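Hi there,

Here is the structure I promised to pass on to you. Have a look at it first, and then read my notes below.

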Amino acid sequence: MENYDAAVAAVSAGAFAVSMLFSLAVTVLILVAQWKLFVKAGKPGWACLIPFYNMYCLYDIAMGSGWLFLLQFVPCVNFVMMIMLYIKLAKAYGKGTGFGIGLIFLSPIFLMILAFSNAEYIGPQ
């Protein structure tokens, strides 16, 4: 029974370590993609590293008014605002509503596509 408990603990620790490394890798990829998006839009790249300021810049890039990020603190409204943000972000880089829906459901992948493609920032629509 002691060997079984040790094996379960080892497998659990290994699974935890793998999940943490995966989460770290996804986080780094999202930061790199946001950095590129901010630079494309004429914002400083380091802005993606500062909490709250990165949301201010993202709303400024997508919607033209960064102060709209304050609506993220209102329950239920935050859900609607994030949907609007991703659709407007896609349009600000010359993509369509379908790309915005991709940003909603698979944001890490579509952020990297947006950042590393030849999409140019055309401003809030």
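**Notes on the loops, the helix pair and the core**

Cys76 sits in the loop between α2 and α3. Please keep in mind as you read that this is a predicted model.

Let's stay with Cys76 for a moment. Its phi is positive, about 70°, although the residue is not a glycine. Is Cys76 buried or exposed? With a relative accessibility of 66%, Cys76 counts as exposed, because the cut-off for that word is over 50%.

Now go to the loop between α1 and α2, where you will find Phe52. Here too the residue is not a glycine, and phi is positive, near 70°. Phe52 has a relative accessibility of 51%, so it counts as exposed.

Next, the helix pair. In general, two packed helices are described by the angle between their axes and the distance between the axes. Helix α3 covers residues 77-92 and helix α4 covers residues 97-105; they pack at an angle of about 135°, with 8 Å between their axes. That angle makes α3 oblique to α4. The crossing of the two helices, α3 and α4, is right-handed.

Which residues make the contact? On the α3 side they are Ile83, Tyr86, Ile87, Leu89, Ala90 and Lys91, and on the α4 side Thr97, Phe99, Gly100, Leu103 and Ile104. Sorted by type, the residues of this contact are eight nonpolar, two polar and one charged.

Then there is the core. The largest nonpolar core has 27 residues, and those with the most contacts inside it are Leu37, Phe38, Leu89, Tyr93, Leu103 and Leu114. At least two residues of this core come from each of α1 (2-40), α2 (53-63), α3, α4 and α5 (107-116).

If you leave out residues up to four places away in sequence, Leu114 touches Leu37, Lys40, Leu89, Tyr93, Lys95, Phe99, Leu103 and Ala119.

Finally, look at Ser107, which is found in helix α5. Ser107 has a relative accessible area of 17%, so it is buried; the cut-off for that is under 20%. What does Ser107 touch, leaving aside its neighbours within four places in sequence? The partners of Ser107 are Tyr86 and Gly102.

Enjoy exploring, and write back with any questions.

Best wishes

Methods. Residues numbered from 1 in each chain as written. Predicted model: local features only at pLDDT ≥ 70, side-chain atom pairs only at ≥ 80, totals over all residues. Heavy atoms only, no water. Axes fitted to C-alpha atoms, helices over the stretch in contact; angles between N-to-C directions. Helix = DSSP H or I, 4+ residues; strand = E, 2+ residues; numbered from the N terminus. Parallel < 35°, antiparallel > 145°, perpendicular 65-115°, else oblique. Left-handed = near helix turned anticlockwise from the far one by under 90°. Contact = heavy atoms within 4.5 Å. Nonpolar A, V, L, I, M, F, W, Y, C, P; charged D, E, K, R; others polar. Core = buried A, V, L, I, M, F, W, Y, C linked by side-chain atoms within 4.5 Å. Buried < 20%, exposed > 50% of the residue type's maximum accessible area, 1.4 Å probe, protein only.
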